[in-house]
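Subject: Structure handover

Hello,

My notes on what was found in it follow.

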Amino acid sequence: MSYDNTCKYLAENYPTEFAQWLLASETSDIQVLKTELNLEPIRADSVTFLQVANQILHLEFQTTPKSTYPLDFRMLDYYTRLKRQYWCDIEQVLIFLQPTSSEIVFNTQYVDKKTRHEYRVIRLWEEDPTPLLANPALLPLATLARTNSPQELLEQVAASVDMIEVTDERQNISACVQVLAGLRFDKDLIQQLFREEIMQESVIYQDILQKGLQQGEERGKKQEALQLILRQLTRRLGAIEPEIEEQIRALSITRLEDLAEALLDFSSQSDLINYLANTFPSATS
(Lines give C-alpha, C1' and ligand atoms only; values in the text may rest on other atoms or scores of the structure.)
Protein backbone atom coordinates (compact mmCIF):
# COMPACT_ATOMS: atom_id res chain seq x y z
CA MET A 1 0.00 0.00 0.00
CA SER A 2 1.38 3.43 -0.93
CA TYR A 3 1.71 5.76 2.04
CA ASP A 4 2.90 8.56 -0.26
CA ASN A 5 -0.17 8.29 -2.47
CA THR A 6 -2.41 8.36 0.60
CA CYS A 7 -0.86 11.60 1.86
CA LYS A 8 -1.00 13.08 -1.63
CA TYR A 9 -4.70 12.20 -1.88
CA LEU A 10 -5.39 13.96 1.43
CA ALA A 11 -3.44 17.11 0.57
CA GLU A 12 -4.98 17.46 -2.88
CA ASN A 13 -8.56 16.72 -1.81
CA TYR A 14 -8.40 18.80 1.37
CA PRO A 15 -6.03 21.65 0.40
CA THR A 16 -7.77 24.21 2.62
CA GLU A 17 -7.31 22.05 5.69
CA PHE A 18 -3.61 21.51 4.97
CA ALA A 19 -3.06 25.22 4.31
CA GLN A 20 -4.77 26.09 7.59
CA TRP A 21 -2.63 23.59 9.47
CA LEU A 22 0.73 24.49 7.94
CA LEU A 23 0.31 28.17 7.06
CA ALA A 24 -2.37 29.28 9.50
CA SER A 25 -4.14 30.54 6.37
CA GLU A 26 -7.88 31.18 6.43
CA THR A 27 -8.24 31.62 2.69
CA SER A 28 -10.29 29.11 0.70
CA ASP A 29 -8.87 30.32 -2.61
CA ILE A 30 -6.45 27.42 -3.04
CA GLN A 31 -5.44 25.73 -6.27
CA VAL A 32 -3.77 22.35 -6.63
CA LEU A 33 -0.97 22.79 -9.17
CA LYS A 34 0.09 20.13 -11.61
CA THR A 35 3.14 18.21 -10.42
CA GLU A 36 4.99 18.37 -13.72
CA LEU A 37 7.86 20.86 -13.77
CA ASN A 38 10.44 21.60 -16.40
CA LEU A 39 13.55 19.43 -16.72
CA GLU A 40 13.71 16.05 -14.99
CA PRO A 41 10.28 14.73 -13.91
CA ILE A 42 9.61 14.80 -10.18
CA ARG A 43 8.32 12.04 -7.93
CA ALA A 44 4.68 12.85 -8.51
CA ASP A 45 3.53 10.21 -6.02
CA SER A 46 5.02 12.00 -3.02
CA VAL A 47 4.86 15.72 -3.88
CA THR A 48 1.98 18.18 -3.80
CA PHE A 49 1.99 21.86 -4.79
CA LEU A 50 -0.77 24.14 -3.51
CA GLN A 51 -1.12 27.74 -4.66
CA VAL A 52 -2.39 29.70 -1.68
CA ALA A 53 -3.05 33.38 -2.45
CA ASN A 54 0.32 34.77 -3.61
CA GLN A 55 2.47 31.84 -2.52
CA ILE A 56 3.01 28.14 -3.21
CA LEU A 57 2.94 25.50 -0.50
CA HIS A 58 5.20 22.61 -1.49
CA LEU A 59 4.47 19.44 0.49
CA GLU A 60 6.78 16.45 0.42
CA PHE A 61 5.86 13.28 2.30
CA GLN A 62 8.55 10.75 3.22
CA THR A 63 8.20 7.40 4.92
CA THR A 64 11.99 7.00 5.20
CA PRO A 65 14.89 9.45 4.70
CA LYS A 66 16.24 7.37 1.80
CA SER A 67 16.33 9.18 -1.53
CA THR A 68 18.07 8.83 -4.89
CA TYR A 69 19.25 12.41 -4.54
CA PRO A 70 19.82 13.83 -1.03
CA LEU A 71 16.57 15.30 0.29
CA ASP A 72 18.12 18.66 1.15
CA PHE A 73 19.37 19.07 -2.42
CA ARG A 74 16.02 17.93 -3.79
CA MET A 75 14.24 20.64 -1.80
CA LEU A 76 16.60 23.23 -3.28
CA ASP A 77 16.05 21.78 -6.75
CA TYR A 78 12.26 21.97 -6.43
CA TYR A 79 12.49 25.48 -5.01
CA THR A 80 14.49 26.83 -7.96
CA ARG A 81 12.21 25.16 -10.49
CA LEU A 82 9.06 26.44 -8.76
CA LYS A 83 10.55 29.92 -8.49
CA ARG A 84 11.51 29.95 -12.16
CA GLN A 85 8.05 28.81 -13.27
CA TYR A 86 5.78 30.79 -10.91
CA TRP A 87 7.98 33.56 -9.44
CA CYS A 88 6.23 33.88 -6.09
CA ASP A 89 6.88 33.09 -2.42
CA ILE A 90 7.37 29.38 -1.77
CA GLU A 91 6.88 27.59 1.53
CA GLN A 92 8.37 24.11 1.58
CA VAL A 93 7.41 21.52 4.18
CA LEU A 94 9.05 18.10 4.35
CA ILE A 95 6.89 15.74 6.41
CA PHE A 96 8.41 12.52 7.77
CA LEU A 97 5.84 9.88 8.66
CA GLN A 98 7.82 7.21 10.51
CA PRO A 99 10.23 7.55 13.47
CA THR A 100 13.91 7.22 12.69
CA SER A 101 17.19 8.26 14.28
CA SER A 102 18.65 9.32 10.92
CA GLU A 103 20.28 12.75 11.00
CA ILE A 104 18.50 13.54 7.73
CA VAL A 105 15.15 14.07 9.46
CA PHE A 106 16.68 16.73 11.69
CA ASN A 107 18.23 18.65 8.81
CA THR A 108 16.33 21.78 7.72
CA GLN A 109 18.65 23.25 5.12
CA TYR A 110 20.88 22.60 2.15
CA VAL A 111 24.35 24.05 2.55
CA ASP A 112 27.04 24.31 -0.10
CA LYS A 113 30.08 26.57 -0.35
CA LYS A 114 28.12 29.64 -1.36
CA THR A 115 24.56 28.37 -1.17
CA ARG A 116 22.20 28.03 1.77
CA HIS A 117 18.57 27.02 1.38
CA GLU A 118 16.15 26.49 4.28
CA TYR A 119 12.90 24.55 4.46
CA ARG A 120 10.55 23.30 7.18
CA VAL A 121 10.62 19.77 8.53
CA ILE A 122 7.80 18.07 10.42
CA ARG A 123 8.45 14.81 12.24
CA LEU A 124 4.93 13.52 12.81
CA TRP A 125 5.91 11.42 15.82
CA GLU A 126 6.78 14.68 17.62
CA GLU A 127 3.58 16.54 16.68
CA ASP A 128 0.77 17.33 19.11
CA PRO A 129 -2.21 15.23 17.95
CA THR A 130 -4.81 17.74 19.19
CA PRO A 131 -5.07 19.93 16.03
CA LEU A 132 -4.96 16.81 13.87
CA LEU A 133 -7.80 15.15 15.79
CA ALA A 134 -9.90 18.30 15.41
CA ASN A 135 -9.93 18.12 11.61
CA PRO A 136 -11.38 15.11 9.71
CA ALA A 137 -8.95 15.60 6.81
CA LEU A 138 -5.98 15.31 9.18
CA LEU A 139 -7.20 12.29 11.16
CA PRO A 140 -4.99 9.87 9.18
CA LEU A 141 -1.90 11.88 10.20
CA ALA A 142 -3.07 11.91 13.82
CA THR A 143 -2.45 8.15 14.02
CA LEU A 144 1.30 8.87 13.75
CA ALA A 145 1.43 11.82 16.18
CA ARG A 146 3.04 12.08 19.63
CA THR A 147 1.40 10.03 22.38
CA ASN A 148 2.16 8.04 25.53
CA SER A 149 -0.74 5.72 24.73
CA PRO A 150 -0.78 4.79 21.02
CA GLN A 151 -3.80 2.49 21.26
CA GLU A 152 -5.84 5.16 23.02
CA LEU A 153 -4.89 7.62 20.28
CA LEU A 154 -6.02 5.19 17.58
CA GLU A 155 -9.31 4.69 19.43
CA GLN A 156 -9.80 8.48 19.45
CA VAL A 157 -9.18 8.58 15.72
CA ALA A 158 -11.65 5.74 15.13
CA ALA A 159 -14.32 7.53 17.18
CA SER A 160 -13.75 10.75 15.21
CA VAL A 161 -14.01 8.89 11.90
CA ASP A 162 -17.37 7.41 12.98
CA MET A 163 -18.65 10.95 13.54
CA ILE A 164 -18.11 12.00 9.91
CA GLU A 165 -21.64 12.36 8.56
CA VAL A 166 -21.08 12.11 4.80
CA THR A 167 -20.75 8.43 3.88
CA ASP A 168 -18.27 8.79 1.02
CA GLU A 169 -16.04 11.06 3.05
CA ARG A 170 -16.20 8.74 6.04
CA GLN A 171 -15.22 5.77 3.87
CA ASN A 172 -12.31 7.60 2.25
CA ILE A 173 -10.94 9.09 5.47
CA SER A 174 -11.29 5.68 7.16
CA ALA A 175 -9.32 4.07 4.34
CA CYS A 176 -6.56 6.68 4.65
CA VAL A 177 -6.47 6.23 8.44
CA GLN A 178 -6.06 2.48 8.07
CA VAL A 179 -3.29 2.82 5.48
CA LEU A 180 -1.20 5.26 7.54
CA ALA A 181 -1.96 3.50 10.83
CA GLY A 182 -0.25 0.48 9.30
CA LEU A 183 3.06 2.28 9.83
CA ARG A 184 2.57 2.13 13.59
CA PHE A 185 -0.04 -0.43 14.60
CA ASP A 186 -0.61 -4.15 14.16
CA LYS A 187 -3.10 -5.14 11.51
CA ASP A 188 -5.27 -6.98 14.04
CA LEU A 189 -5.76 -3.85 16.16
CA ILE A 190 -6.64 -1.77 13.10
CA GLN A 191 -9.19 -4.36 12.02
CA GLN A 192 -10.73 -4.38 15.49
CA LEU A 193 -11.38 -0.64 15.35
CA PHE A 194 -12.27 -0.20 11.67
CA ARG A 195 -14.57 -2.24 9.47
CA GLU A 196 -12.62 -3.72 6.56
CA GLU A 197 -15.59 -3.51 4.18
CA ILE A 198 -15.63 0.28 4.59
CA MET A 199 -12.04 0.44 3.38
CA GLN A 200 -12.72 -1.82 0.40
CA GLU A 201 -15.73 0.29 -0.64
CA SER A 202 -13.65 3.46 -0.48
CA VAL A 203 -12.74 5.27 -3.70
CA ILE A 204 -9.31 6.15 -2.31
CA TYR A 205 -8.59 2.50 -1.46
CA GLN A 206 -9.29 1.46 -5.04
CA ASP A 207 -7.28 4.42 -6.36
CA ILE A 208 -4.27 3.65 -4.16
CA LEU A 209 -4.43 -0.01 -5.10
CA GLN A 210 -4.52 0.83 -8.82
CA LYS A 211 -1.66 3.32 -8.54
CA GLY A 212 0.39 0.79 -6.64
CA LEU A 213 -0.09 -1.74 -9.42
CA GLN A 214 0.79 0.85 -12.07
CA GLN A 215 3.92 1.90 -10.22
CA GLY A 216 4.93 -1.75 -9.90
CA GLU A 217 4.54 -2.17 -13.65
CA GLU A 218 6.58 1.00 -14.28
CA ARG A 219 9.34 -0.18 -11.97
CA GLY A 220 9.40 -3.47 -13.87
CA LYS A 221 9.66 -1.68 -17.22
CA LYS A 222 12.43 0.58 -15.92
CA GLN A 223 14.39 -2.38 -14.53
CA GLU A 224 14.22 -4.12 -17.89
CA ALA A 225 15.36 -0.96 -19.71
CA LEU A 226 18.21 -0.45 -17.21
CA GLN A 227 19.51 -3.99 -17.62
CA LEU A 228 19.45 -3.74 -21.41
CA ILE A 229 21.16 -0.32 -21.54
CA LEU A 230 23.86 -1.27 -19.02
CA ARG A 231 24.61 -4.41 -21.03
CA GLN A 232 24.84 -2.38 -24.22
CA LEU A 233 27.07 0.24 -22.60
CA THR A 234 29.38 -2.38 -21.08
CA ARG A 235 29.70 -4.20 -24.38
CA ARG A 236 30.43 -0.97 -26.24
CA LEU A 237 32.55 0.94 -23.70
CA GLY A 238 33.80 -1.63 -21.20
CA ALA A 239 33.11 -1.61 -17.45
CA ILE A 240 31.07 1.44 -16.40
CA GLU A 241 32.31 3.43 -13.40
CA PRO A 242 30.04 2.91 -10.34
CA GLU A 243 29.35 6.67 -10.05
CA ILE A 244 28.21 6.82 -13.67
CA GLU A 245 26.08 3.70 -13.30
CA GLU A 246 24.36 5.28 -10.27
CA GLN A 247 23.53 8.38 -12.35
CA ILE A 248 22.06 6.18 -15.08
CA ARG A 249 19.94 4.26 -12.56
CA ALA A 250 18.48 7.58 -11.34
CA LEU A 251 17.13 8.49 -14.80
CA SER A 252 13.43 8.16 -15.59
CA ILE A 253 12.32 5.56 -18.11
CA THR A 254 11.85 8.32 -20.73
CA ARG A 255 15.43 9.50 -20.20
CA LEU A 256 16.63 5.91 -20.45
CA GLU A 257 14.92 5.56 -23.81
CA ASP A 258 16.77 8.66 -25.03
CA LEU A 259 20.05 7.24 -23.77
CA ALA A 260 19.39 3.94 -25.55
CA GLU A 261 19.36 5.82 -28.87
CA ALA A 262 22.31 8.08 -28.07
CA LEU A 263 24.67 5.32 -26.93
CA LEU A 264 24.91 4.00 -30.49
CA ASP A 265 27.16 7.01 -31.23
CA PHE A 266 29.44 6.56 -28.19
CA SER A 267 33.00 5.39 -28.75
CA SER A 268 34.42 5.95 -25.26
CA GLN A 269 33.19 6.33 -21.69
CA SER A 270 33.95 10.05 -21.89
CA ASP A 271 31.22 10.29 -24.54
CA LEU A 272 28.76 8.84 -22.02
CA ILE A 273 29.93 11.21 -19.28
CA ASN A 274 29.63 14.24 -21.55
CA TYR A 275 26.21 13.13 -22.75
CA LEU A 276 24.89 12.84 -19.20
CA ALA A 277 26.40 16.18 -18.19
CA ASN A 278 25.12 18.09 -21.22
CA THR A 279 21.73 16.46 -21.72
CA PHE A 280 20.64 15.77 -18.13
CA PRO A 281 22.49 18.27 -15.93
CA SER A 282 20.59 17.18 -12.79
CA ALA A 283 21.87 13.64 -13.27
CA THR A 284 25.46 14.74 -12.68
CA SER A 285 24.83 17.14 -9.79
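I begin with one residue and its surroundings. Beyond its neighbours up to four places away in sequence, L97 touches Y3, C7, F61, Q62, T63, L124, W125, L144, L180 and L183. L97 also belongs to the largest nonpolar core, which has 45 residues. Within that core, F18, W21, L59, I95, L97, L124 and L141 are the residues that touch the most other members. Another core lies apart from it and has 17 residues, including L230, L256, A262 and L276.

Please keep in mind that this is a predicted model.

Overall picture

The protein has 285 residues, of which 46% count as buried. Its secondary structure comes to 13 helices and seven strands. Of the contacts with a separation of 6 or more, 64% are between residues 24 or more positions apart.

Helix 1 covers residues 3-13. Eight of its eleven residues are buried, so helix 1 is largely enclosed by the rest of the structure. The buried residues in helix 1 are D4, N5, T6, C7, K8, Y9, L10 and A11.

Helix 1 packs against helix 7, which covers residues 167-181. Two packed helices are described by the angle between their axes and the distance between the axes. Here the angle is about 145 degrees and the axes are 10 Å apart. The crossing of helix 1 past helix 7 is left-handed. On the helix 1 side, the residues that meet helix 7 are Y3, T6, C7, Y9 and L10. On the helix 7 side they are N172, I173, C176, V179 and L180. By type, the residues of this contact divide into eight nonpolar, two polar and no charged.

Salt bridges

Side chains of opposite charge can pair when their charged atoms come close. A search of the whole structure finds six salt bridges. I describe some of them here.

One is formed by E12 and K8, with the closest N and O atoms 2.8 Å apart. Both residues lie in helix 1, four residues apart, which is about one turn of the helix. Are the two partners buried or exposed, or something in between? E12 counts as partly exposed, because its relative accessibility is 26%. K8 counts as buried, because its relative accessibility is 10%.

Another salt bridge joins the side chains of R74 and E60, at 2.1 Å from N to O. R74 lies in helix 3 (residues 71-86) and E60 in strand 3 (residues 55-62), so this pair ties together parts that are 14 residues apart in sequence. R74 is buried at 8% relative accessibility, and E60 is buried with a relative accessible area of 0%.

A further salt bridge links E91 with R120, where the closest N and O atoms are 3.5 Å apart. E91 lies in strand 4 (residues 89-96) and R120 in strand 7 (residues 120-123), so the pair ties together parts that are 29 residues apart in sequence. Both residues count as partly exposed: E91 has a relative accessible area of 23%, and R120 has a relative accessibility of 30%.

Two more residues

H58 is in strand 3. H58 counts as buried, because its relative accessible area is 0%. Which residues does H58 contact, leaving aside its neighbours within four places in sequence? They are V47, T48, F49, M75, Y78, L82, E91, Q92 and V93. One of these, E91, is also the salt-bridge partner of R120. For L82, the separation from H58 is 24 residues in sequence and 9.1 Å in space, C-alpha to C-alpha.

P150 is in helix 6, which covers residues 150-162. P150 counts as partly exposed, because its relative accessibility is 32%. Not counting residues up to four places away in sequence, P150 touches R184 and F185. P150 and F185 are 35 residues apart along the chain, and their C-alpha atoms are separated by 8.3 Å.

Regards

Technical notes: Residues are numbered from 1 along each chain as its sequence is written. This is a predicted model: local features need pLDDT of at least 70, side-chain atom pairs count only at pLDDT 80 or more; totals for chains, interfaces and linings use all residues. Side-chain values use heavy atoms; hydrogens and water are left out. A salt bridge is a side-chain nitrogen of Lys or Arg within 4 Å of a carboxyl oxygen of Asp or Glu. Helices (H or I, at least four residues) and strands (E, at least two) are DSSP runs, numbered from the N terminus. Buried means under 20% relative accessible area, exposed over 50%, partly exposed in between (1.4 Å probe, protein chains only). A nonpolar core is a set of buried Ala, Val, Leu, Ile, Met, Phe, Trp, Tyr and Cys residues joined through side-chain atoms within 4.5 Å. Contact means heavy atoms within 4.5 Å. Axes are lines fitted to C-alpha atoms, for helices over the stretch in contact, and angles run from 0 to 180 degrees between N-to-C directions. A crossing is left-handed if the near helix is turned anticlockwise from the far one by less than a right angle, and right-handed if clockwise. Ala, Val, Leu, Ile, Met, Phe, Trp, Tyr, Cys and Pro count as nonpolar, Asp, Glu, Lys and Arg as charged, and the others, Gly among them, as polar.
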